[in-house]
Amino acid sequence: MKREIMYLVPILVMISVISLMGTLLSTGVPTTPYMTITVLTPQNRTVVNAYVQVFALLPPGHKRSLVEVWNGTTNWLGQAYVPLSNIAPIAREWVEEGFGNAGVGLEVVVTYVNGTTLYSRFYFITYNPKDLLNTASLAMPFLNYRTISIRLERLGTININNGITLNIPTSPGPLGCPFCQWNLVWSMQTNTTYIPLIFAVDQYTSNTNFVGNVGAGVTQSTTLYFYASVATETTELIYEISGQSFYQSFSYSYNYTGDGFGYEWSIAAVYVQGTLGMAEFVNSCNSNYHAYETYVQSANLNALYTTHKVGTQYVSNALNTLNQYVGIVTVPFDEFDLSSAGQAYEYSYLYMQEYLQDYPFLYAIPVGAIIDLLEPQLIPFSLGIETSLFAEVQTQSTSVTYSLIAIINNQNMFDYGDLLGIGANVQYQYNGQTFYPVLSGFYVEPPGSYSASTNIVA
């Protein structure tokens, strides 16, 4: 009897494994390593037959910004499965370009039709190219690399009886179901350019009694996360932060880069080099529905550059363009009061977050305005929309002085003034919150109290 049971156990195990494999195959799970995308309603219920498109951001050297690598629909569990083999060729290019250990962008676009109501969501995530390639090469069946949950948002209405040709996804895609996809109209990636991480604009240029500087440096390690922004245009224009487009970690024993401002230079900044991306989509079921997006596509955080090397045009052009098309408001952060010669004032940018409890991120980079400086003739849509697109930046650090502003009194005179943060007058949404982007820069200006024209961005 015992011998019969011993023979029976492996048979039962084999039957269970075969049964499990059959269940997995019936739900569309690939036999090779994959990524799971779960689609939810605004009420967090799973969605069957939602249409999923996956776009991979391309490394530097490409003129295009992104390319579609997979599309399909969610199963009865509300899940779609993206084989890592579809992403691997792009991941391999990132590794070859030296970004194997960075977090590079992957955009997931989800669409669902319920009657005449259209739901959709643009969602950015990042993956580590080396890690993804290692996982993709594993000979382990039904290996889930990671799971991403995306919650749909109501976009608008469509009329499916008005001659609209609905799309059939590549895989798996049951027949007879309506699928509205987002067609990529165009995308572009800039050549390697300078991206300002922090800047200061001196409004005291006629006063030679003090000098100031901005700086950046790391004592242990820092990770910078860059977030993409998307403007969705239907009957209204909605700006929102849609997830990470790129991140990189870096460490120094202590590598400080500073840049001064004063009578000669009215702007000081610290830059990194990187590429910026931009794209436009149109919905196949309603050609009046567009989506515009921009983001930091890549960045090399191992070197920092100053205004005296790069020039002031990136900051001055961005501020002028924002003033013209979006509008700038100032945020009172602090005052400096230097009563004696040699006295110094310092303000660490990391502490800005304490002032901005209502904001989801640390600061914003005006990516759209910088792209307009680089490639103004290539952008086919409104400059007002382009200028309103930012890349939010979040810093996670350990034992770090990442960025600061310092002002020093050179003479035995009383110097005082305002330190004003710079905000853009355009509303953004993220996780149910509405906020205004606060830029990575300050105005340094008199008088010794906040002026009546100063606005609190809230």
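Mentor: The lining of the second largest cavity consists of eight nonpolar residues, with no polar and no charged ones. Please keep in mind that the model is predicted. The residues that line this cavity are P196, F199, Y314, V315, A318, L319, P366 and L439. Two elements, β10 (193-202) and α5 (313-325), each give two or more residues to that lining. The largest share, four residues, comes from α5. The space inside the second largest cavity is about 40 Å³, and the count of cavities of 30 Å³ or more comes to two.

Leaving aside neighbours within four places in sequence, L319 is in contact with F199, V201, I328, I422, L439 and Y443. Among the residues that line the cavity are F199 and L439. L319 also belongs to the largest nonpolar core, which has 112 residues. Within that core, the residues with the most contacts are M35, V52, Y127, L319 and I365. As a general matter, nonpolar side chains in soluble globular proteins tend to be buried together.

Strand β2 covers residues 51-57 and pairs with β3 in the antiparallel sense over seven bridges. Strand β3 (residues 66-73) is largely enclosed by the rest of the structure, because six of its eight residues are buried.

Burial can also be found in a loop. T234 lies between β12 (221-233) and β13 (237-251). With a relative accessible area of 17%, T234 is buried, because buried means under 20%. Leaving aside neighbours within four places in sequence, T234 is in contact with L155 and Y289. The C-alpha atom of T234 is separated by 6.5 Å from that of N288, although these two residues are 54 residues apart along the chain.

The protein chain has eight helices and 25 strands. Of its 458 residues, 57% are buried. Among contacts with a separation of 6 or more, 79% are between residues 24 or more positions apart.

How values were computed
Residues are numbered from 1 along each chain as its sequence is written. This is a predicted model: local features need pLDDT of at least 70, side-chain atom pairs count only at pLDDT 80 or more; totals for chains, interfaces and linings use all residues. Side-chain values use heavy atoms; hydrogens and water are left out. Buried means under 20% relative accessible area, exposed over 50%, partly exposed in between (1.4 Å probe, protein chains only). Contact means heavy atoms within 4.5 Å. A nonpolar core is a set of buried Ala, Val, Leu, Ile, Met, Phe, Trp, Tyr and Cys residues joined through side-chain atoms within 4.5 Å. Two strands pair if DSSP finds at least two bridges between them. On a 1 Å grid over the protein atoms alone, a cavity is a set of points where a 1.4 Å probe fits but cannot get out, and a pocket is an open set with protein on both sides within 12 Å along at least five of seven lines; lining residues have an atom within 4 Å of a point. Grid points are joined across faces, edges and corners, and a volume is the space filled by probe spheres set on the points. Ala, Val, Leu, Ile, Met, Phe, Trp, Tyr, Cys and Pro count as nonpolar, Asp, Glu, Lys and Arg as charged, and the others, Gly among them, as polar.
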